[in-house]
Amino acid sequence: MTKLFTPVRALACLLLLPFLFASCQSKQAASDTEKTDSTSITLSTSGVVDNTRDPIPTIKLSSLTVTSGVFKAHRNENFVFQHFLSDTDVTLHGWALKRINGGPGQYNPNPDVTLTPFQQTTLTVGPNSYIGNQVLTKGNEKDMVDEIGNKNMNLYFVPTQDTPGGRIYYKIYIFTPGQLPFDNMKPHFTSYSTNPSPPHQGFD
C-alpha cells in the first residue's frame with residue numbers, strides 16, 4: 001500500500017508544480033503593478049497640488065532711438081520688429097524682409113537694426129497685456145526715408161496704446177541730431193507708425 005501511494009503522490013505533486021509556479025508569478029506581477037500605480041499616483045498628486053506660479057511683472061516701456069541710416073539702406077522694404085527684454089529695459093530689434101526673384105521673404109539671422117532705449121514712459125505691459133511683433137510696411141518706410149532725403153536724422157519710436165488693454169504700437173518721429181525730442185514738439189511734425197502683428201499679419 002505504501003509503495004502504490006508514493007508514486008501517485010509524487011505524480012500529483014508534479015502536476016501541481018506548474019500551477020503553484022503560475023500562482024507565484026501572478027502574485028509577483030500584481031505586487032509590481034501595485035508599486036507602479038502607487039508611484040504614478042504620488043507623482044500625479046504632487047504635480048496637481050503644486051500650483052504655485054511666479055506673478056507676471058509690470059514693466060514700463062521706453063521710447064527708443066536709432067539713426068536713419070539703416071532705413072535709408074533698405075528703402076522700400078518691409079521691417080519686422082521683435083521686442084527684446086534686456087536686464088533693465090525692453091527694446092526692439094528689427095529685420096528687413098528681402099524678396100529674391102519674387103520668392104518668399106528672407107531674413108538675416110541677426111537683426112538689421114537694434115533700437116536704443118532713450119526715455120522711460122508711463123505705458124506699461126504686464127498682466128492682461130498684448131505684446132507682439134511690430135511691422136513697418138514698405139510703403140510707410142519708403143515715405144519716411146523720402147522725407148529724410150540726404151540728411152542724417154534720428155528716429156524716435158514712442159510706444160502708444162489707443163485704449164487701455166489694447167495692442168501696443170510705436171509712433172515714429174524724425175528729429176535732427178542734437179535736437180531733444182518731445183521738447184517744443186510741433187503739432188505738424190509728421191509721424192509714422194508701426195503696425196502690431198496681428199492684425200496686420202501679412203505685408204502689402
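Me: Is His83 buried or exposed?
Reply: His83 counts as buried, because its relative accessibility is 15%, and buried means under 20% relative accessible area, with exposed being over 50% and partly exposed in between, for a 1.4 Å probe and protein chains only. Keep in mind that this is a predicted model, in which local features need pLDDT of at least 70 and side-chain atom pairs count only at pLDDT 80 or more, while totals for chains, interfaces and linings use all residues. Residues are numbered from 1 along each chain as its sequence is written, and side-chain values use heavy atoms, with hydrogens and water left out.

Me: What is His83 in contact with?
Reply: Leaving aside its neighbours within four places in sequence, His83 is in contact (heavy atoms within 4.5 Å) with Val90, Thr91, Leu92, Ile131, Gly132, Gln134 and Tyr170. With the side chain of Tyr170, the His83 side chain makes a polar contact at 3.2 Å, a term for a pair of N or O atoms within 3.5 Å where, within protein, one must be able to donate a hydrogen and the other to accept it, and where residues adjacent in sequence count only if both atoms are side-chain atoms. A polar atom of the His83 side chain also lies 3.0 Å from the backbone oxygen of Gly132.

Me: And which strand holds His83?
Reply: His83 sits in strand E2, residues 79-85; strands here are DSSP runs (E, at least two residues), helices are runs of H or I with at least four, and both are numbered from the N terminus.

Me: What sheet does E2 belong to?
Reply: E2 is part of an open sheet of five strands in the order E6-E3-E2-E8-E12, with antiparallel pairing, where two strands pair if DSSP finds at least two bridges between them. Its edge strands are E6 (113-114) and E12 (195-197), each pairing on one side only. Three bridges join E2 to E8 (residues 133-136), and among them Val80 has Val135 as its bridge partner, while Phe79 has Leu136.

Me: What about the sheet with E7 in it, what's the order there?
Reply: That open sheet of five strands runs E7-E1-E9-E10-E11, again with antiparallel pairing, and its edge strands are E7 (116-125) and E11 (191-193).

Me: How many bridges join E9 to E10?
Reply: Seven bridges join strand E9 (residues 154-160) to strand E10 (residues 169-175), and Phe157 stands opposite Ile172 in E10.
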